[in-house]
Amino acid sequence: MIMATLVSPTVGAAVKLRRLNRLNRWTVGAVFAALLVFIPIGSVLFLSLGDSGDVWPHLIGTALPEYVGTTLLLLLGVGVSVFLTGVTTAWLVTMCRFPGRRIFEWLLLFPLAIPAYVMAYAYTDLLEYAGPVQSSLRALFGWQSARDYFFPPVRSLGGAIMFMGLVLYPYVYLLARSAFLEQSVSVLEVSRVLGKGPWQTFKTVSFPAARPAIVVGVSLALMETLNDYGTVDFFAVYTLTAGLIDVWLGMGSLAGGAQIASSMLVFVILLIFLERMSRRHQKVYQQASSRFKTLPTYSLKGWPSALAFGLCALPVIAGFVVPVLVLGQLSIVYFDRSWTPEFKSYALNSLTLSAGAALVTLLVALFIAYARRLRGGRVLRVATRAASLGYAVPGAVLAVGILIPFAIFDNALDALMRDWFGVSSGLLLSGTVAAVTFAYVVRFLAVAVGQVESSLEKISPSVDMAARTLGFRAGQTLIRYHLPLIRAGLLTAVMVVFVDCMKELPATLLLRPFNFETLATYVYRFASDEMLGEAALGSLTIVAVGLLPVAFLSRMISRSRQLYPSPSTGDA
Amino acid sequence: MDHPDQLRSGAVRSDSQPLLEVRGISCNYELERAVFDLSLTVHRGEQVCLLGPSGCGKTTVLRAIAGFHPILTGGIFINDQQVSAVGAMVPPESRRVGMVFQDHALFPHLTVRQNVAAGLSRLPEGSRGESVGEMLERMGLSHHADRFPHELSGGQQQRVALARALAPRPLLLLMDEPFSSLDQELREHMGQEVSDMLKESGTTCVMVTHDQHDAFALGDKVGVMSEGSIVQWDTPYNLYHQPSNHFVADFIGNGVFLCGEVVSPQEVSTPLGILPSDEPLIWSSQTPLEILLRPDDVVYDPAGPIQARVTSRAFQGAQLLYTLRTLEGIKLLALFPSHANFEIGDDVRVRLDVDHLVVFEHDTPLD
């Protein structure tokens, strides 16, 4: 009787001991997803360790040393360039006061919207022999031909370094800026009280403390550099990526491509190592603080002020304004020839493919992040780590890592189907949209997982416990009580992944179905055919879409500055 | 056999029937043993408290009872139903426990009404509204029903959290440092209010806290925890006046320990003189002892035998808490009425007036 009244009619017989497995459904699912994502990375690793056949001697005897040398020079050049630009601008906007500083704070992010290859196309059109700059110079000085004057060649290693530096420095800028902002005000003040000038303070206090963040920024920029195919191909700069795709598509040797891919892994691993090491230091130096304190800024007047303005304006003008103007002008001139039914269908392809991939990425990320929240565990942690390596692996290398296992699977399935049913299943995975989508998920999963995890972290674990004791299962808790709270974070994740997919070139190029074009491959194809005018509208569209997350980041930056100098408690 | 009698004895049995039984559980926290072979029993309608310093494992015990933490030995029973065993457990959503947290853990995107209704989603619409209305009324929240949590004060948020936890009529209410996020004044007030409400509704409750005032305000019984074990399970009065070991004596209330030894079954000798014991001592003569002196055991007496110098003082309203140092260098805590006002450096005379002698055997020989 007593028991009967106490057993709630709503819960009833559910009160049953349930076996505790080390791996519950969430963990198993998340580990499985993580392993799936690790397949391409793992298969390249496996290939690099496996028997190389006779491709190696050939490669080493011919092109490989050149590929490696060029890649090193490119990485070095871009590294120095993004370091100087990023750190200088970040220091100026955080530590100095000069006209326009507030605006530059977010304007300096804008070059991030432009893929390097679009940058290369725009500047080539502007600076090549027949372009407006050289034509004007010739008209002005009366030069007749290229022999009459010197003009640095645009399509060169130097050009590649310059243009990549101009679109990749925001990585360094963003991280250095927040590192400077999070520095202890009192330490900076002490340094000034001790009579150290701005340069001395920078050298002895600000820079050393921000160095880990700066190194993280540089290594991210270098990962992008290693990934680039559009620019180096257009400029005929033979990096490893260019070599890989040349060997694969040009010579039709996937095995050769795989060998180059595995040698690229050395660079990838070094960059990951550099980044992870620095992130560890970053945690020590930067006390995470959500509030922006009033930094002891230097008021600039006269010449120094003009110089600071110029130093900040230059990357914005060269990295954003000029290419957008060039592309805009070209788009207008070539509009009739560009705005075709094909263009619209390619744009639609890009849109659906990127949106689909972004959603899949988000779902996988949400699943993994929530499984980790439910139950940590080393298995899951290692699996997620492995799956998150994709962002560092160049798209071309990923493509190799995807195509080989997919082809093996397709062939095996095809053989099976023929044997059993006498029908051919054909290519089920390789050369389909599924392969491209998979590549996007692998490459951009880390971004999404990071975003989802940081959103979830803001929800107190006691909210989970409250929901569970109120009668909701783990999945119900996620849907009813977490999703409404992390909506904004999820939206950001989808947007960032979506835009990255839109811009992605090498993996798309290598894995897309026959005759399937996206905006990125279409732009690349026209540019390769020296039809820059026709490529302009597509390029401009990519830039416009790319502005989405940049605008979002800018808004966050300008918003965070509004809070200051009266910091509010972060309740909302 | 006579009917009424049988009924009565049945009723008595059900009243004292344990609602929660924790039998010899051990738990790990981040790969280290945090709870050792811990047992406790809570009867229906009882409010108990687990009190201990941070890191003593009290929250882990609470999480194990709620079903968020696996156990490595023993078992947990709610209402005679095993809910945790080694390697198996009833998931938290099926245990019928309510939980209140330090940070309240209100759902920020829901109104007060929706928060309180959260645990009633299986009830039909009509009776759900009724239950919620009743609960809001009882908590004095009716006027705030359509506000969002961030629009409420700390005390109101606390009440919403309690209302939300109680609305589904849980068998057992668990509270994890429920008053820690409130300021001192509100905290005492809320402690009393919550205690009254729980008593009135006959809610069985387990609270964990590191604050003895919270524990004493709410707990019929208090278990003092240290390093993963309950070191004393007793009423608040006994914990203060009859601590069963050094840790409890030190942790609860103020006080200092004097070294001494047994002189006779009724007396101990200390550097400040012989002290009589109200109960016969169980130790043989010359056993080294520690004697607990509460501040109220040290009495201001201008003719007292002990001379001491004031080294610090803290004003506590009606009384002043002094820290004294005797000529022999022994530190004492003493509570004097406010009108006996001394400055730091003053010499005072005191005597010891110990009603009930609290002594422990000294673990290591005295030097």
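**Exercise 1. Which residue of β2(B) is the bridge partner of C27(B)?**

Solution. The model is predicted: local features need pLDDT of at least 70, side-chain atom pairs count only at pLDDT 80 or more, and totals for chains, interfaces and linings use all residues. Residues are numbered from 1 along each chain as its sequence is written, while chains are lettered from A and ligands numbered from 1 in the order in which they are written.

Step 1. Helices (H or I, at least four residues) and strands (E, at least two) are DSSP runs, numbered from the N terminus. Two strands pair if DSSP finds at least two bridges between them.

Step 2. In chain B, β1 (residues 18-29) pairs with β2 (residues 32-43) in the antiparallel sense over eight bridges. The partner of C27(B) is V35(B).

Step 3. The two strands make a hairpin with two residues between them, and E30(B) in the turn has a positive phi of about 50°.

Step 4. β1(B) also pairs with β4(B) (residues 73-78), antiparallel, over five bridges; here S26(B) stands opposite T73(B).

**Exercise 2. Give the strand order of the open six-stranded sheet of chain B and find its edges.**

Solution. Step 1. The order is β7-β8-β9-β3-β10-β11, with mixed pairing.

Step 2. β7 (97-100) and β11 (229-234) of chain B are the edge strands, each pairing on one side only. From one strand to the next the twist averages 20°.

Step 3. β3(B) (residues 47-51) and β9(B) (residues 205-209) run parallel and are joined by five bridges. Within this pair, L50(B) stands opposite V208(B).

Step 4. Helix α5(B) (residues 154-166) packs on the sheet, touching β7 and β8 (172-176) of chain B, and its direction makes about 170° with that of β7(B). Axes are lines fitted to C-alpha atoms, for helices over the stretch in contact, and angles run from 0 to 180 degrees between N-to-C directions.

**Exercise 3. Describe the side of chain A that touches chain B.**

Solution. Step 1. Two residues are in contact if their C-beta atoms, placed from the backbone, lie within 7 Å. By this rule, 27 residues of chain A are in contact with 32 residues of chain B.

Step 2. On chain A, α1 (2-6), β1 (18-19), α20 (461-469) and α21 (474-503) each supply at least two residues. α20(A) gives the most, with six residues.

Step 3. A strand pair also spans the two chains: β1(A) and β6(B) (residues 88-89) are antiparallel over two bridges. In β6(B), A88(B) is the bridge partner of R19(A).

**Exercise 4. Why does T508(A) count as buried?**

Solution. Step 1. A residue is buried if 20 or more other C-beta atoms lie within 10 Å of its own, exposed if 12 or fewer, and partly exposed in between.

Step 2. T508(A) counts as buried because it has 28 C-beta neighbours inside 10 Å. This residue is found in helix α22(A) (residues 506-511).

Step 3. Leaving aside neighbours within four places in sequence, T508(A) is in contact with V436(A), T518(A), A520(A) and T521(A). Its C-alpha atom is separated by 8.3 Å from that of A399(A), 109 residues apart along the chain.

**Exercise 5. How many residues of α6(A) are buried?**

Solution. Step 1. α6(A) (residues 116-127) has 12 residues.

Step 2. Of these 12 residues, 11 are buried, among them Y117(A), M119(A) and D125(A).

Terms used: The expected span of a helix is 1.5 Å times one less than its number of residues.
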